[in-house]
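Hi everyone, thanks for coming. Please have a look at the structure on the screen, and then I'll walk you through a few of its side chains.

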Amino acid sequence: MIKLINVSKNYPNTYALKDINLEIEKGEFVFLVGSSGAGKSTLMKLLYREESPTTGKVIVGGVDVSRISVNKVPNLRRCMGIVFQDYKLLQNQTVFDNIAYSYLFMTTLLML
């Protein structure tokens, strides 16, 4: 489950996100689309804690990710499957293998 409650992200002189509320239930399949500069990357960075919100709460799996300690961020990220548009894929693997790896890893964690 992913939930954003009144989330804003302010950079100097501009808002990337302003007062966003979003809820994605377990099992839902969601596409994030929009024009360049719409805040898509910022929203994703909030989910995997590369950025913290200026205001509001970002909840992933029942945990407010903006409140977890820095040393627990890698554990958070291990529970996510994110395909980046740049070069953060596993080298020498196909696109299918990169996505399947994330899926299998998440499925294994859910079984524990």
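Let's start with R67 and D64, whose side chains form a salt bridge with an N to O distance of 3.5 Å. By salt bridge I mean a side-chain nitrogen of Lys or Arg within 4 Å of a carboxyl oxygen of Asp or Glu. As background, side chains of opposite charge can pair when their charged atoms come close. What about accessibility here: is R67 buried or exposed? R67 is exposed, at 70% relative accessible area, while D64 is buried, at 15%. For these words the cut-offs are under 20% relative accessible area for buried, over 50% for exposed, and partly exposed in between, with a 1.4 Å probe and protein chains only.

A quick word on where this comes from. This is a predicted model, where local features need pLDDT of at least 70 and side-chain atom pairs count only at pLDDT 80 or more, while totals for chains, interfaces and linings use all residues. Residues are numbered from 1 along each chain as its sequence is written, and side-chain values use heavy atoms, leaving out hydrogens and water.

How many salt bridges does the structure hold? There are three. One of them joins E23 and K3, at 3.9 Å from N to O. E23 sits in strand β2 (residues 14-24) and K3 in strand β1 (residues 2-11), so this pair ties together parts that are 20 residues apart in sequence. Helices (H or I, at least four residues) and strands (E, at least two) are DSSP runs, numbered from the N terminus. Both partners are partly exposed, E23 at 42% relative accessibility and K3 at 28%.

Next comes the salt bridge between K9 and E51, at 3.3 Å from N to O. K9 belongs to strand β1 and E51 to the loop between α1 (40-47) and β3 (55-60), so the pair links parts 42 residues apart in sequence. K9 counts as buried, at 10% relative accessibility, and E51 is partly exposed, at 21%. Which residues does K9 touch, leaving aside its neighbours within four places in sequence? The contacts, meaning heavy atoms within 4.5 Å, are T14, Y15, A16, L17, T42, E51, S52, P53 and T54.

T42 brings us to the helix α1, where T42, L43, L46 and L47 are buried. Seen down the axis of α1, the buried residues fall within an arc of 145°, so they line one face of the helix. That arc is taken from the directions from the helix axis to the C-beta atoms. A handy rule is that an α-helix has 3.6 residues a turn, so residues three or four places apart point the same way. And what covers the buried residues of α1? The cover includes β1, β2, β3 and α2 (73-78). After α1 comes R49, with a positive phi near 60°.

Finally, some rings. A search of the whole structure finds one aromatic pair. The ring centres of F29 and F31 are 5.4 Å apart and the planes are at 75°, so the pair is edge-to-face. Rings of Phe, Tyr and Trp (its six-membered ring) pair if their centres lie within 6.5 Å, with planes under 30 degrees apart counted as stacked, over 60 as edge-to-face and the rest as tilted. F29 is exposed at 71%, and F31 is exposed at 65%.
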